[in-house]
Amino acid sequence: MRPAARDEAHMREALQQALAAEVTHDVPVGAVVVDASGTVIGTGRNEREALHDPTAHAEVVALRQAAARLGTWRLDGCALVVTLEPCVMCAGAILASRIERVVFGAWDDKAGAAGSVVDVLRERRLPHRVEVVAGVLAGEAEAQLRAFFAARR
């Protein structure tokens with residue numbers, strides 16, 4: 001499978017995770033961590049409301065699950081696929097885990113840390129930088145978010 005098709009397939013899995021977040025009234029953001037072979041080793045969705053935990057963003061939940069599955073915090077060679085551009089906290093967790101590649105759907109023009117507001121993931125002064133692929137199935141990711149917030153207004 002070509003890389004773009006693989007990214008889209010994994011983004012579809014992340015979009016399914018995002019739908020599940022809505023059940024607990026969390027913002028619909030979903031994430032998956034895949035290893036170098038393309039196998040999903042961690043999944044996550046926003047669980048801040050469900051767990052009363054400000055750090056329970058989809059990315060952090062997926063990173064924790066992947067690290068537990070591998071038995072190490074170092075996720076070398078792995079990629080994170082997430083429906084929304086990571087925030088600063090998540091970007092820090094991504095760097096700390098040594099994720100190699102981040103694929104995201106929708107841009108976050110309020111809190112994004114992968115190029116929109118700041119670019120933590122590719123900051124040259126930090127010891128680890130990440131390849132970033134933006135806009136994969138962005139329309140679908142944006143539609144999920146818009147529908148969620150429209151229903152709450």
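Let's start where two helices touch: R12, L15, A18 and L19 in α1 meet E140, A141 and Q144 in α5. Sorted by class, the residues of this contact come out as four nonpolar, one polar and two charged. Keep in mind that you're looking at a predicted model.

How do the two helices lie relative to each other? Two packed helices are described by the angle between their axes and the distance between the axes. Here, the axes of α1 and α5 come within 11 Å and cross at roughly 5 degrees. Angles under 35 degrees count as roughly parallel, so α1 and α5 are roughly parallel to each other.

Both helices turn up again when you go looking for pockets. Rolling a probe the size of a water molecule over the atoms shows where empty space is left.

| Pocket | Volume | Lining residues by class |
|---|---|---|
| Largest pocket | about 610 Å³ | 11 nonpolar, two polar, nine charged |
| Second largest pocket | about 220 Å³ | seven nonpolar, three polar, six charged |

Take the largest pocket, with its volume of about 610 Å³. Its lining counts 22 residues, and the closest to the centre are V27, L84, D108, L145 and F149. Which helix gives the most to this lining? That's α5, which spans residues 138-151 and supplies five residues.

Now for the second largest pocket, at about 220 Å³. There are 16 residues in its lining, with R6, D7, A36, A79 and R101 the closest to its centre. Two elements give two or more residues each to this lining: α1 (3-21) and β3 (79-84). Of these, α1 gives the most, with four residues.

How far apart in the chain are they? R101 sits in strand β4 (residues 101-106) and D7 in helix α1, 94 residues apart, and the pair links distant parts of the chain. In total, the structure holds six salt bridges.

Methods: Residues numbered from 1 in each chain as written. Predicted model: local features only at pLDDT ≥ 70, side-chain atom pairs only at ≥ 80, totals over all residues. Heavy atoms only, no water. 1 Å grid on protein atoms, 1.4 Å probe; cavity = no way out; pocket = protein on both sides within 12 Å on 5 of 7 lines; lining within 4 Å. Points joined across faces, edges and corners; volume = space filled by probe spheres on them. Nonpolar A, V, L, I, M, F, W, Y, C, P; charged D, E, K, R; others polar. Axes fitted to C-alpha atoms, helices over the stretch in contact; angles between N-to-C directions. Parallel < 35°, antiparallel > 145°, perpendicular 65-115°, else oblique. Contact = heavy atoms within 4.5 Å. Salt bridge = Lys/Arg side-chain N within 4 Å of Asp/Glu carboxyl O.
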